[in-house]
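Below is a short report on ligand surroundings and on a chain-to-chain interface. Have the model open while reading.

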There are 2 protein chains.
Amino acid sequence: RKKILVTGGAGFVGSHLVDLLMSQGHEVVVLDNFFTGRKANVEHWLHHPNFSLVRHDVTQPILLEIDQIYHLACPASPPHYQYNPVKTIKTSTMGTINMLGLAKRVKARILLASTSEIYGDPTVHPQPESYWGNVNTIGPRACYDEGKRVAETMMYAYKNQNGVSVRIARIFNTFGPRMHPNDGRVVSNFIIQSLQNKDITIYGSGAQTRSFQYVDDLVKGLHALMNGDYDLPVNLGNPDEYSIKDFATKIRDMTQSKSEIIFLPKVADDPSQREPDISTARRELNWEPRVSVEEGLRKTIEYFRGEVDAAG
Amino acid sequence: RKKILVTGGAGFVGSHLVDLLMSQGHEVVVLDNFFTGRKANVEHWLHHPNFSLVRHDVTQPILLEIDQIYHLACPASPPHYQYNPVKTIKTSTMGTINMLGLAKRVKARILLASTSEIYGDPTVHPQPESYWGNVNTIGPRACYDEGKRVAETMMYAYKNQNGVSVRIARIFNTFGPRMHPNDGRVVSNFIIQSLQNKDITIYGSGAQTRSFQYVDDLVKGLHALMNGDYDLPVNLGNPDEYSIKDFATKIRDMTQSKSEIIFLPKVADDPSQREPDISTARRELNWEPRVSVEEGLRKTIEYFRGEVDAAG
Ligand SMILES: NC(=O)c1ccc[n+]([C@@H]2O[C@H](COP(=O)([O-])OP(=O)(O)OC[C@H]3O[C@@H](n4cnc5c(N)ncnc54)[C@H](O)[C@@H]3O)[C@@H](O)[C@H]2O)c1
Ligand SMILES: NC(=O)c1ccc[n+]([C@@H]2O[C@H](COP(=O)([O-])OP(=O)(O)OC[C@H]3O[C@@H](n4cnc5c(N)ncnc54)[C@H](O)[C@@H]3O)[C@@H](O)[C@H]2O)c1
Ligand SMILES: O=c1ccn([C@@H]2O[C@H](COP(=O)(O)OP(=O)(O)O)[C@@H](O)[C@H]2O)c(=O)[nH]1
Ligand SMILES: O=c1ccn([C@@H]2O[C@H](COP(=O)(O)OP(=O)(O)O)[C@@H](O)[C@H]2O)c(=O)[nH]1
Ligand SMILES: O=c1ccn([C@@H]2O[C@H](COP(=O)(O)OP(=O)(O)O)[C@@H](O)[C@H]2O)c(=O)[nH]1
Ligand SMILES: O=c1ccn([C@@H]2O[C@H](COP(=O)(O)OP(=O)(O)O)[C@@H](O)[C@H]2O)c(=O)[nH]1
């Protein structure tokens, strides 16, 4: 039984990870500033003796006694991370420095939730961990992409210089229950638009691709990575690749929606293709996604149906 | 007449910039922690009423009243920036955030000394500003490269969000008097080795290329950029490209040295080619290098001869 810190633990991915760790009997501390997270996501643990929720911003130092850190705090959807780019960068830079300082002091292992966005608009497809990426330092996505890139750099600097035990997950597009309905990401947008029979909004031609993993798979991968021996970056994603246009059709069909698919202007610097090469995760963690996109979508549609109905 | 802050002003480039600004009659404040800089570089101004030298680390906040900031504080040579990678990253991230916070508060224009290293090991040659780069986030150079990349991102985040007036110089390899003799960079190494008739150390095959500019040209470019209207990144460098092997021979010939040229192992992630496309600087700043590499080397060899003689 360990004392485990989850920064961003009231968010979408973080709250599912908390569920796993709590179910294993660990003591779990969540740090969250509730920028995009919600207390409701961890409400079911609030009265559990092993659980603490601390309203705290990771850009500020904090003293805790813990054994492991899952460092997830950072807005993840483009509209959210572009809402206050300065804050997004401070969260990834100062926030990661603080968590590494903490990890160093208490000799905790720390896992960074990095992202496929560090590959930018990739010229290599699918993307292995050895690919260095193609990111615009001054574009609208840079506050997120470059913040995560330098956070990775910080991790190995503290490892090599201070012996901090580090893990890096490069997470590819993930979906599932507890995604914020106003999140602005493609899965939540398309499902809600479909359920409400509103226009399904494709940005650009819809030929750009993404590969979607269900959140339960991701959380198992994060856990395996944290507790395994491999300490170089590992892609976690489902290689099942869709064009955004096919994905729109799929969701419309699955929801039996009457929505029309419409095409809006392309977003600046939008990656044109993305698919994880997961051979490292297969080899080193014996991990691969178990939930098909179809099955994951069914559960997620059900969740959003509840949210939409609740909102009236 | 302006109040001008130069961070890293006791370093190689910074001290030459201070000379230019002081000669124009400005009030100049230097912030430096003397990690790689030397008081001797600005000694000749210490008693001037317009000059102040503040021993300060840019990773700490500071209150000043100034009109312009040249933000140069950061070790620049690979052995120096790799000596304490954690500190290098903190300098570029926390240091740049502090200087941007200062710029925002006092409404000062801020110029970042970025670097050709943000292009990494470039796959496009020569490098225009529109090239996104090829950098390894977890390699030995990342503490410098990724620190500068995210510093660029921060600049535009503060510009777009807080109206801070920003300038970005992407500086290519620069040389001249006041380079630190133990700096470890190629120009200082090769000249000192030649003057002492010691082996000239080439890392790798020597087929890798660099383009070298004389520091006087750079300083004029920085000044033109700061005081012009163009606010996107600008390459500042001399497109005169040499293989490191030819460069070694050139320096050996110019110093009439008896040194042998020897080949040591290649350095990890060493960029294989580098040459600035300076059409933006030509067009927007009416700037181009005036000092030939040959002429610059003559002055620099003279300087190092003095240093070597003084050391005995
Ligand atoms: N969901 C994905 O598809 C995806 C893909 C790649 C990477 N990731 C990464 O996984 C992590 C979690 O993503 P998510 O999808 O759960 O996003 P999310 O927005 O739901 O969760 C992020 C959480 O961090 C909190 N937070 C943000 N800034 C903070 C700060 N300064 N201090 C404290 N807490 C702060 C938010 O309130 C929220 O609870 C992020 O680091 C994200 O970059 C997610
Ligand atoms: N010289 C080049 O070829 C070159 C090329 C590209 C970019 N640059 C950039 O130009 C700037 C100056 O480079 P340089 O060649 O003069 O290097 P330098 O090492 O001679 O100068 C850097 C100065 O910054 C100071 N400094 C470092 N960390 C600091 C901190 N935390 N707080 C306060 N001061 C600090 C050092 O003491 C030194 O005086 C750097 O930002 C560098 O990245 C230089
Ligand atoms: O238990 C801790 C230890 C450190 N830090 C923060 O982590 C940062 C980086 O720590 P490090 O030890 O690298 O920094 P230093 O204290 O040496 O500047 C510091 O700014 C601290 O504020 C923290 O929040 N909690
Ligand atoms: O309503 C939407 C939301 C997103 N997208 C596109 O879907 C892809 C995935 O976008 P998302 O914001 O979910 O994630 P990311 O771009 O960060 O992978 C991108 O090409 C977006 O342009 C879209 O066409 N319509
Ligand atoms: O005159 C100033 C103003 C700000 N800062 C620092 O700059 C950083 C970023 O400033 P910003 O205004 O973005 O931060 P905030 O104060 O809003 O957190 C802060 O941490 C301050 O410590 C500084 O050193 N001098
Ligand atoms: O004694 C030396 C120092 C440097 N270099 C090479 O010269 C080039 C320029 O190195 P420097 O450290 O001056 O600058 P940077 O690599 O940052 O451009 C690189 O290919 C180095 O590997 C070399 O061959 N011998």
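**Ligand 4, chain A**

In this predicted model, a polar backbone atom of A:Tyr203 is 2.8 Å from an oxygen atom of ligand 4. A side-chain N or O atom of A:Arg210 is 2.7 Å from a ligand oxygen. For A:Arg274, the side-chain value is 2.8 Å.

The protein covers 95% of the 510 Å² of accessible area that ligand 4 has on its own. Such areas come from the Shrake-Rupley method with a 1.4 Å probe; for residues, only the protein chains shown count as cover. Helix 5 (186-195) and strand 8 (200-203) of chain A each give two or more residues to the shell. Helices (H or I, at least four residues) and strands (E, at least two) are DSSP runs, numbered from the N terminus.

Around ligand 4 there are 17 residues, and A:Asn189, A:Thr201, A:Arg210, A:Asp270 and A:Arg274 come nearest. A residue counts as near if one of its heavy atoms lies within 4 Å. By class, the shell holds six nonpolar, five polar and six charged residues. Ala, Val, Leu, Ile, Met, Phe, Trp, Tyr, Cys and Pro count as nonpolar, Asp, Glu, Lys and Arg as charged, and the others, Gly among them, as polar.

Some conventions apply throughout. Residues are numbered from 1 along each chain as its sequence is written, chains are lettered from A and ligands numbered from 1 in the order in which they are written. Local features of the predicted model need pLDDT of at least 70, side-chain atom pairs count only at pLDDT 80 or more, totals for chains, interfaces and linings use all residues, and side-chain values use heavy atoms, with hydrogens and water left out.

**Ligands 6 and 2, chain B**

Ligand 6 has 17 residues around it, the closest being B:Asn189, B:Thr201, B:Arg210, B:Asp270 and B:Arg274. Its shell divides into six nonpolar, five polar and six charged residues. Ligand 2 has 29 residues around it; B:Val13, B:Asp32, B:Thr36, B:Leu72 and B:Tyr144 come nearest. That shell has 14 nonpolar, 11 polar and four charged residues.

| Residue | Protein atom | Ligand and distance |
|---|---|---|
| B:Asn173 | side chain | ligand 6, 2.8 Å |
| B:Tyr203 | backbone | ligand 6, 2.8 Å |
| B:Arg210 | side chain | ligand 6, 2.7 Å |
| B:Gly11 | backbone | ligand 2, 3.0 Å |
| B:Val13 | backbone | ligand 2, 2.8 Å |
| B:Gly37 | backbone | ligand 2, 2.9 Å |

Of the 820 Å² of accessible area that ligand 2 has on its own, the protein covers 97%. Helix 1 (12-23), strand 5 (109-115) and helix 4 (142-162) of chain B each give two or more residues to its shell. Strand 5 provides the largest share, three residues.

**Interface of chain B and chain A**

Each side is counted by contact, meaning heavy atoms within 4.5 Å. Chain B supplies 34 residues and chain A 34 residues. Together the chains bury about 2,800 Å², 67% of it on carbon and sulfur atoms. Buried area is the accessible area (1.4 Å probe) that two parts lose on being put together, summed over both. In chain B, the residues that lose the most area to chain A are B:Trp132, B:Thr137 and B:Ile138, together 24% of what that side buries.

How many salt bridges cross the interface of chain B and chain A? The rule finds two. It asks for a side-chain nitrogen of Lys or Arg within 4 Å of a carboxyl oxygen of Asp or Glu. B:Arg149 and A:Glu146 form a salt bridge at 2.7 Å, N to O. Between chain B and chain A, 14 residue pairs are in polar contact, both at pLDDT 80 or more.

Helix 3 (85-106) and helix 4 of chain B each supply at least two residues of the side that touches chain A. Helix 4 gives the most, with 14 residues. By class, this side of chain B has 17 nonpolar, 10 polar and seven charged residues.

Over all chains, the structure holds 38 salt bridges. B:Arg149 lies in helix 4 of chain B and A:Glu146 in helix 4 (residues 142-162) of chain A, so this pair joins two chains.

Technical notes
A polar contact is a pair of N or O atoms within 3.5 Å; within protein, one must be able to donate a hydrogen and the other to accept it, and residues adjacent in sequence count only if both atoms are side-chain atoms.
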